[in-house]
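Here is a short briefing to read alongside the model. Take it topic by topic, with the viewer open.

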Protein chains: 4
Amino acid sequence: MKEKITFGIIGGDMRQAKLAQLLEADGHAVHIFGFDRQPELVSSQSVNTLQQAASADCVVLPLPVTDEHENLNAPISGGVIRIADVLDAMPQGQIVCGGRIPEEIFRMASERKLRLTDYFAREELAIANAVPTAEGVLQIAMEELPITLAGSRVLVMGFGHTGKIIAHRLHALGALVTVSARRYSDLAWIRAYGYRQEFTEALDGRLGGYDLIVNTVPHKILNEARLQELSPGCLCIDIASRPGGLDFDAASRLGVKAIWALSLPGKVAPVTSGAIIKETIYHILQELGVIQ
Amino acid sequence: MKEKITFGIIGGDMRQAKLAQLLEADGHAVHIFGFDRQPELVSSQSVNTLQQAASADCVVLPLPVTDEHENLNAPISGGVIRIADVLDAMPQGQIVCGGRIPEEIFRMASERKLRLTDYFAREELAIANAVPTAEGVLQIAMEELPITLAGSRVLVMGFGHTGKIIAHRLHALGALVTVSARRYSDLAWIRAYGYRQEFTEALDGRLGGYDLIVNTVPHKILNEARLQELSPGCLCIDIASRPGGLDFDAASRLGVKAIWALSLPGKVAPVTSGAIIKETIYHILQELGVIQ
Amino acid sequence: MKEKITFGIIGGDMRQAKLAQLLEADGHAVHIFGFDRQPELVSSQSVNTLQQAASADCVVLPLPVTDEHENLNAPISGGVIRIADVLDAMPQGQIVCGGRIPEEIFRMASERKLRLTDYFAREELAIANAVPTAEGVLQIAMEELPITLAGSRVLVMGFGHTGKIIAHRLHALGALVTVSARRYSDLAWIRAYGYRQEFTEALDGRLGGYDLIVNTVPHKILNEARLQELSPGCLCIDIASRPGGLDFDAASRLGVKAIWALSLPGKVAPVTSGAIIKETIYHILQELGVIQ
Amino acid sequence: MKEKITFGIIGGDMRQAKLAQLLEADGHAVHIFGFDRQPELVSSQSVNTLQQAASADCVVLPLPVTDEHENLNAPISGGVIRIADVLDAMPQGQIVCGGRIPEEIFRMASERKLRLTDYFAREELAIANAVPTAEGVLQIAMEELPITLAGSRVLVMGFGHTGKIIAHRLHALGALVTVSARRYSDLAWIRAYGYRQEFTEALDGRLGGYDLIVNTVPHKILNEARLQELSPGCLCIDIASRPGGLDFDAASRLGVKAIWALSLPGKVAPVTSGAIIKETIYHILQELGVIQ
């Protein structure tokens, strides 16, 4: 159904390695660069030059592209790969995809007349990633709690992408799920799926009685006053991105067990994450008219 | 928690009658008008004048307010109630809520300086109504199909409010659920909930093999060519509002059993529907500052 | 996988008609008798003599075989078919299956040296039938209740074959499910699946507060004293076989809406029921060594 | 509701410590012995003599009572506690409960005229334990697999207590669940709950294509020939008690990742396990007439 094209996978972790395998399994030619420490992760014949990889029909960069702004995020590479070198190796008009791309790199790409897209900014990737994120939350809760999730009293804060799937999975395992949200429409969904509801604004004084609280809201919603309300032994898992939604200093002072769990998909299910990235890149290429 | 106020319920069916009971049960004073054929549906002492009902803190009109534009939709009333008479009985600034209000009635209310809100236009009501709608679809499917829903092959077309809950409930009963949608983000949700996916654009030639098709999309998506593809015995339930999403003439010619099921909430669960309207009116009054 | 053999289907309703079609679809030769009023239900060429049908490799009789003990249960037949005549038409050693076979007919078969098995007595059929039974209960509840099952408070009495699947489906639709049972092991299952539990012995005084009660226990468990406890509007569905588990006279006196719903599988899903009978007959024939 | 009695908890791990707390929370007097290394696990005032604990209304011994037959299983005790000493400290007629009691200890109790019951042999405990066991299996699978359980292809072997709940939870998380069983009735349940079925006898040649296999059957069902069929990367979790259901030597030779996960409830959910033991002991005492 899809035409065969060439991909260049430059840098990245297990997810990009798996992505390369999946693209090959779909019949595409794949050139990799930056996996020299474990080339077997990708495939047997995968010794390519940066030049080859950088001039494929579509170049795929890591997620995140970089931690700082100078070097590519390439943990399986033996050496350092400068982002400027990678971009310089590409011809004008090159189609490039990367994840969590900072402004600076967009600017660099624009100067070089490259066509750069952030696959991490796509909504379908965020939704698909909610599945491994939710399983990561379940895994942490199972590892940390001395009780079963079945029958446990859980509060999920927020009903966005991850909140929806986390609540769904906890309910499926028999937890007694309450979800807090601010909008009437979200509260209507919460009831329609059979969960109990709390208004975010009215949470004060209502946080006792839970065995587990999972926060998905990227504001300091679990402040010291609220942490003081928690039942002894209540576990808090915060998956909100920086600055997070929980006052970890206060939690430490109060003896509240709190875990900040970021970037779960790549950690708990790298193969699934690679597959999610692949699907998203196909969508980008369909919209660009490169494949059908 | 809520202050006690007065409500005037003027016209409507079982849902408004139940609404009156629920408001009384919450401690509000309720004046009704237009339930003279079965006043016991509402409560014992409910003989009120239009004047009383029309000057309550909040007046509630039916859903739909009217079928034509002259008279109130008041099936439990012995007589005809002109909408103009109802509006004329209200003081300036009166807070009024009604459902599916036509432009003309908004204009009439504006001339009289009434504060009219359409509760049917609220998203939380549409979401909450997806629950009785989905149960209505299940009921029709159980009544019409000679097979169990468990193990049946079902296609749900569209993944909006109703599509989401219909798919959820069918899956919960053991049906093999496929959902068609157009957007990548909807397709990601469909997979995250464990359903099979179809692209709406690529449905042609892929409609055989279903025992049940439920359409929620308000375009003529099930045209003659597609109806010809259906397996013998496949039941079609169309819940899309006018003009509907199915060519009923073609279905009749082809011998396809097709049911156009509209306004299911009021039919299958009038009490739940009354409760949903009540919640929505509370939200409106909270936003207007009438109650907290 | 299965060898092709011949079946004789004598009498019965839509389920046996569908059974005949399914056996043909599996490649077997099928001779029918007793479907003369609507032979098209079975297949086009199905004009057979009793003699032909009665000497097939396996003869299938209806479910129930008979209402009284003289005549075959053959509602699609234009005439009366005496059971004695059917049995007389069979050779010694004939393999025969029927459903709900009374002692008298077993005796008659034994005198004629026929090998008669009751497929309705097989546990796998009872379990499989729990699925259409549960859907029948859902359908009745949806038709009769003015509220949605989602959010409704339901008591299921008994946790045998049907109780298990009824509770599962109601829970799946978002009902708040309580199950009553007598044995500690059943109560442990009830909790493991996430339902609330009640001890059958301790039900007195605890029956208020339900919107729906489904009884599966074939004792008069819902007696007058207990019916008096029910909340106004509580619907009772009794699926216990004769004498039933509910005092219908008392219910009538008390104004309790009570429905005795028997033989649901054949009514709500005759095609599924035919398929279940087919599977069960295959198991019988495997155990007899007729097929592999 | 229950009368207040005295309990003596002698030896055991976190589960017995939690059991002591739960019994106290129910209002019973609890004397403990054998928790000297971490008495705070149980309660503050819990310094008791063996004599006190051994003459309570009901004495509770650990699960398992012993690994060998001489000493009590008392990992939180600083010293060694001989079982003979414990039994000698009890008066004739003493009611004693313990878990996994070997024949020899039953004999010793009988000689001393003690009334000894094995709570681990109770069916309701086995069923209740299926819940933490299933969560333990999910946890291991999430930790070990690089893919999400959602969308994974899983085979559960056996449909007893644990098989039923494991299949239920995996299905709830979106795995594609197949269950193998031998009996027609179990296969009917498997289909009624919406899983795919395999006949245990016909598994040969059908074991490829799974991402995860969970065995619950205590026979060597996963022998070398069958292990050779598995897809690369397929994870095997065996929860069958000794001798287990998997040839671990063969798995090691073949590079199949296989985990033998025993006694999961106490490991993954000691608090829930303590509560399960408490409920079971109440049942025993009810049957003995000690409490109502």
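The accessible surface of chain A comes to about 11500 Å², and 50% of that belongs to carbon and sulfur atoms; such areas come from the Shrake-Rupley method with a 1.4 Å probe, and for residues only the protein chains shown count as cover. Please keep in mind that this is a predicted model, in which local features need pLDDT of at least 70, side-chain atom pairs count only at pLDDT 80 or more, and totals for chains, interfaces and linings use all residues. Residues are numbered from 1 along each chain as its sequence is written, chains are lettered from A and ligands numbered from 1 in the order in which they are written, and side-chain values use heavy atoms, with hydrogens and water left out.

**Chain A overall**

- Eleven helices and eleven strands make up the secondary structure of chain A; helices (H or I, at least four residues) and strands (E, at least two) are DSSP runs, numbered from the N terminus.
- Along the principal axes, the C-alpha atoms of chain A fill a box of roughly 60 × 40 × 35 Å.
- Of the 292 residues in chain A, 59% are buried, where buried means under 20% relative accessible area, exposed over 50%, and partly exposed in between (1.4 Å probe, protein chains only).
- Among contacts in chain A between residues at least 6 apart in sequence, 56% join residues at least 24 apart; a contact means heavy atoms within 4.5 Å.
- Chain A carries 27 positive and 33 negative side chains, and the centres of the two sets lie 4 Å apart. Lys and Arg count as positive and Asp and Glu as negative, while His and the chain ends are not counted; each charge is placed at NZ of Lys, CZ of Arg, CG of Asp or CD of Glu.

**The annotated domain**

- UniProt, in an unreviewed entry, lists residues 146-240 of chain A as "domain: D-isomer specific 2-hydroxyacid dehydrogenase NAD-binding". Positions are given in the numbering used here, feature names are shortened, and annotations may be inferred rather than shown by experiment.
- The span of residues 146-240 of chain A is 28% helix and 24% strand, and its end C-alpha atoms lie 24 Å apart.

**Cysteines**

- The count of disulfides over all chains is zero, taking a disulfide as a pair of cysteine sulfur atoms within 2.5 Å.
- Cys236(B) is in no disulfide, and the nearest cysteine sulfur, that of Cys234(B), is 4.8 Å away. Cys236(B) is buried, with a relative accessible area of 0%.
- Cys236(C) is in no disulfide either, with the nearest cysteine sulfur, that of Cys234(C), 4.7 Å away. Cys236(C) is buried at 0% relative accessibility.

**Between chains**

- Chain A and chain C do not touch, and their nearest C-alpha atoms are 6 Å apart.
- Chain B and chain D are joined by no contact, with their closest C-alpha atoms 6 Å apart.
- His283(B) sits in helix 11 (residues 270-287) of chain B and is buried, at a relative accessible area of 6%. Not counting residues up to four places away in sequence, His283(B) touches Tyr184(A), Arg122(B) and Glu124(B).

**Two residues to look up**

- Gly208(A) is in the loop between strand 8 (196-199) and strand 9 (212-215) of chain A, and is partly exposed at 37% relative accessible area. Leaving aside neighbours within four places in sequence, Gly208(A) is in contact with Glu229(A) and Ser231(A). Gly208(A) and Ser231(A) are 23 residues apart in sequence but 5.2 Å apart in space, C-alpha to C-alpha.
- Asp238(B) belongs to strand 10 (residues 235-238) of chain B and is buried, with a relative accessible area of 0%. Beyond its neighbours within four places in sequence, the contacts of Asp238(B) include Asn215(B), Phe248(B) and Trp260(B).

**Backbone details**

- The peptide bond from Arg242(A) to Pro243(A) is cis, with omega near 10°; Pro243(A) lies in the loop between strand 10 (235-238) and helix 9 (248-254) of chain A.
- Leu63(D) and Pro64(D) are joined by a cis peptide bond with omega about -5°, and Pro64(D) is in the loop between strand 3 (58-60) and helix 3 (83-88) of chain D.
- Lys113(A), a residue other than glycine, has a positive phi near 60°. Lys113(A) is in the loop between helix 4 (103-111) and strand 5 (115-118) of chain A, and is exposed at 51% relative accessibility.
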